[in-house]
Amino acid sequence: MMDFIDKTFIITGASAGIGKALALKLASQGAKLVLAARNQDALEKIADACIQSGTQALSVPTDVTKPEDCCHLIEQTVKYFGSIDGLVNNAGISMSVRFEEVKDLTLFERIMQVNYLGSVYCTYYALPYLKTSKGLLVAISSLTGKTGIPTRSGYAASKHAMQGFFDSLRIELRGTGVDVLVVSPGFVATDIRNRILGADGQPMVTGLPKGQKDIMSIEECTEQIFRAMQERKRELVMTSQGRLGHWLKLIAPDLLDRIIYRKFLSKLD
Ligand SMILES: NC(=O)c1ccc[n+]([C@@H]2O[C@H](COP(=O)([O-])OP(=O)(O)OC[C@H]3O[C@@H](n4cnc5c(N)ncnc54)[C@H](OP(=O)(O)O)[C@@H]3O)[C@@H](O)[C@H]2O)c1
């Protein structure tokens with residue numbers, strides 16, 4: 001079991017949603033927090049809330065698509081706290097448009113840069129310190145990193161890339177004491193769908209797919225991530241439907257495609 005007291009954790013995408021909630025949870029458990037995202041005002045408010053729960057917190061404005069920002073994030077953490085016990089790669093953006101309707105192809109680059117390359121850069125600079133502390137690497141992926149989802153092709157590609165990267169790294173790190181946890185949430189009640197990229201590559205407000213019932217609260221999602229971190233698990237696949245889908249993909253992939261089609265596309269047709 002991992003003890004969080006006085007351990008230093010970096011969370012990217014900590015200005016909102018799951019990252020913000022996880023920061024507050026870890027702070028309540030005595031962890032020292034380093035909060036990274038682009039929105040400095042939001043980060044500072046969350047850092048203040050962490051400090052009020054009796055721990056230390058630092059906000060470092062960071063655009064994870066820039067390797068120099070990710071390097072600076074790690075340098076500031078080590079300068080301020082002296083070590084790194086965990087890195088949570090959580091910063092992410094999404095999309096909602098059928099591939100053939102996309103008008104701005106840079107949408108695919110931007111999603112890859114934030115979700116996948118942002119995780120690669122932060123992990124690269126943090127790894128020497130995580131090896132020293134025998135720390136924990138966390139990747140907030142998605143069920144969309146396990147199977148394809150219509151209208152999310154670029155997002156699914158970025159999350160499959162994360163899964164492949166962190167699965168490979170886990171094997172490379174065998175025997176070093178560094179653990180790698182890949183988290184795959186389903187639908188979570190954050191504002192990610194108010195920033196989702198549309199056909200023209202611009203953010204739009206979509207809300208959940210029509211008739212979507214299985215949406216998890218941020219609190220439940222954060223609690224599950226916290227427990228998986230505490231147990232230093234290798235995988236956390238959320239929801240029973242998500243776990244069933246994972247197995248169906250192996251034994252009846254066409255059936256899974258039909259179920260996903262009915263759930264997503266038939267409502268758009
Ligand atoms: N919500 C869901 O249903 C769901 C489901 C499965 C997986 N996930 C994954 O969970 C993670 C968190 O999602 P969320 O729902 O909490 O989303 P959210 O509320 O939209 O928060 C996204 C966070 O990412 C940050 N971010 C975006 N671009 C960034 C960049 N270039 N550099 C640094 N930070 C950046 C945002 O901060 P700034 O704008 O301040 O930079 C924000 O803090 C994502 O990786 C997402 O793919 C979410």
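K134 sits in the loop that connects α4 with β5, and in this predicted model K134 adopts a positive phi of about 50 degrees although it is not a glycine. R232 also has a positive phi, near 50 degrees, in a residue other than glycine, and its place is just after α6.

**Loop residues with positive phi**

- K134, in the loop between α4 and β5, is a residue other than glycine whose phi is positive, at about 50 degrees.
- R232 belongs to the loop between α6 and β11, the latter spanning residues 235-237, and R232 counts as partly exposed because its relative accessibility is 23%, a value that falls between the 20% limit for buried residues and the 50% limit for exposed ones.

**Helix α6**

- Helix α6 covers residues 218-230, which makes 13 residues, and its span of 18 Å from the first C-alpha to the last is close to the 18 Å expected at 1.5 Å a residue.
- The buried residues of α6 are I218, C221, T222, Q224, I225, F226, A228, M229 and Q230.
- As a general point, an α-helix has 3.6 residues a turn, so residues three or four places apart point the same way.

**The largest nonpolar core**

- The largest nonpolar core comprises 35 residues, and those with the most contacts inside it are L26, L33, I225 and M229.
- At least two residues of this core come from each of β1 (8-12), α1, β2 (32-37), α2 (40-52), β5 (136-140), β6 (179-184) and α6, and it is α6 that gives the most, with six residues.
- In soluble globular proteins, nonpolar side chains tend to be buried together.

- S119 is located in helix α4, which runs over residues 106-133, and S119 counts as buried because its relative accessibility is 3%, where the cut-off is under 20%.
- A polar atom of the S119 side chain lies 2.9 Å from the backbone oxygen of N115.
- L181 lies in strand β6 and is buried, since its relative accessible area is 0%.
- Between L181 and E223 there is a separation of 42 residues in sequence, while their C-alpha atoms are 15 Å apart in space.

**The ligand and its shell**

- The shell around the ligand is made up of 31 residues, of which the closest are S15, R38, Y155, T190 and R193.
- By class, this shell has 14 nonpolar, twelve polar and five charged residues, and at least two of its residues are supplied by each of α1 (17-28), α5 (153-172) and β7 (187-188).
- R195 places a polar side-chain atom 2.9 Å from an oxygen atom of the ligand, and the protein covers 95% of the 880 Å² of accessible area that the ligand has on its own.

Key: Residues are numbered from 1 along each chain as its sequence is written. This is a predicted model: local features need pLDDT of at least 70, side-chain atom pairs count only at pLDDT 80 or more; totals for chains, interfaces and linings use all residues. Side-chain values use heavy atoms; hydrogens and water are left out. Helices (H or I, at least four residues) and strands (E, at least two) are DSSP runs, numbered from the N terminus. The expected span of a helix is 1.5 Å times one less than its number of residues. Buried means under 20% relative accessible area, exposed over 50%, partly exposed in between (1.4 Å probe, protein chains only). A residue is near a molecule or strand if one of its heavy atoms lies within 4 Å of it. A polar contact is a pair of N or O atoms within 3.5 Å; within protein, one must be able to donate a hydrogen and the other to accept it, and residues adjacent in sequence count only if both atoms are side-chain atoms. Accessible areas come from the Shrake-Rupley method with a 1.4 Å probe; for residues, only the protein chains shown count as cover. Ala, Val, Leu, Ile, Met, Phe, Trp, Tyr, Cys and Pro count as nonpolar, Asp, Glu, Lys and Arg as charged, and the others, Gly among them, as polar. A nonpolar core is a set of buried Ala, Val, Leu, Ile, Met, Phe, Trp, Tyr and Cys residues joined through side-chain atoms within 4.5 Å.
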